[in-house]
Amino acid sequence: MTSSPSGGEEKEGPVIRDKRRIDPETGEVRAQAGESPPAPEAPVDGGGAKATGEEDSSLKTQLAERLADLQRLKAEYDNYRKRVERDRVAVREQALGQVLSELLPVLDDIGRARDHEELTGGFKSVAESLEAVTGKLGLERYGEKGEPFDPVVHEALMHSLSAEVTETSVTDVLQPGYRIGERVLRPARVAVADPDPDSAAGEPGGGPGDADDEPDE
């Protein structure tokens with residue numbers, strides 16, 4: 001009960017609470033006690049799709065750059081590996097060439113002994129074994145009479161003219177040459193002959209003044 005301003009007592013009237021969930025005036029859903037108001041909906045537009053497209057494009061660009069980096073690294077590694085292998089082979093050939101070059105005087109002595117038929121007995125066996133070993137290591141002896149003269153592999157120590165040749169040729173091998181593959185360790189020292197311009201080429205004894213008739217006695 002409450003007191004009126006005039007000092008009298010006044011009875012309380014009934015209290016009516018509107019618990020309707022829908023507001024009849026606005027038509028909106030009322031928030032109930034203990035409930036939070038609904039969150040506003042995000043505006044629907046194309047911003048999200050556009051951002052996703054840009055991210056995809058950026059990822060593709062990054063992947064292409066990483067792939068290019070990997071390909072470049074692989075090419076560099078392949079070139080490095082080939083260069084190391086090439087250098088390794090070159091160092092091996094150089095070291096082998098130096099060792100075999102020291103043996104050339106010994107092989108020359110063996111060749112001279114063979115030419116003079118002095119290669120006999122135990123010396124012959126040792127010489128043949130040494131020649132077999134150097135052959136397995138790739139050492140090749142060259143230089144033969146009658147072969148065309150090649151200044152790359154031959155060293156001419158003597159020169160003459162001959163009616164028996166049609167091109168500059170080796171007429172004698174003074175010292176054989178040795179090589180490993182395409183690498184010349186020592187050129188063959190030879191005597192060479194050029195065609196004689198005063199004689200018929202390729203016809204020995206066919207030059208002027210070489211008549212078959214003998215003088216009358």
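T168 is partly exposed, its relative accessible area being 30%. In this predicted model, T168 lies in the loop that joins strand 4 (154-162) to strand 5 (169-175). Although T168 and D194 are separated by 26 residues in sequence, their C-alpha atoms are 4.5 Å apart in space. D194 is also among the contacts of T168 when neighbours within four places in sequence are left aside; the others are P148, F149, V192, A193 and P195.

Confidence was examined along the chain. The mean pLDDT is 80, and a value of 70 or more is reached by 71% of the residues. Among the parts of the chain, strand 8 (residues 188-195) has the highest confidence, with a mean of 95, whereas strand 1 (residues 2-3) has the lowest, with a mean of 49. In the stretch of residues 205-217 the pLDDT is below 50, and this stretch makes 6 contacts in the model beyond near neighbours in sequence. Where pLDDT is low, predicted coordinates should not be read in detail.

Helix 1 spans residues 47-115 and includes V84. Together with Y77 and Y80, V84 forms a nonpolar patch on the surface, and the three residues have about 320 Å² of accessible area together. V84 itself is partly exposed, at a relative accessible area of 39%. An unreviewed UniProt entry lists residues 63-90 as a "coiled-coil region".

Apart from neighbours within four places in sequence, the residues in contact with D108 are Q175, P176, Y178 and R186.

L119 belongs to the loop between helix 1 and helix 2 (121-136). With a relative accessibility of 10%, L119 likewise counts as buried. When residues up to four places away in sequence are not counted, L119 touches I110, A113 and R114 as well as K124 and A127.

Conventions:
Residues numbered from 1 in each chain as written. Predicted model: local features only at pLDDT ≥ 70, side-chain atom pairs only at ≥ 80, totals over all residues. Heavy atoms only, no water. Patch = residues over 30% accessible without salt bridge, like charges linked within 9 Å, V, L, I, M, F, W, Y side chains within 5 Å. Areas by Shrake-Rupley, 256 points an atom, 1.4 Å probe, with all protein chains shown as cover. Salt bridge = Lys/Arg side-chain N within 4 Å of Asp/Glu carboxyl O. Helix = DSSP H or I, 4+ residues; strand = E, 2+ residues; numbered from the N terminus. Buried < 20%, exposed > 50% of the residue type's maximum accessible area, 1.4 Å probe, protein only. pLDDT = per-residue confidence, 0-100. Contact = heavy atoms within 4.5 Å. UniProt positions renumbered as here; feature names shortened; annotations may be inferred.
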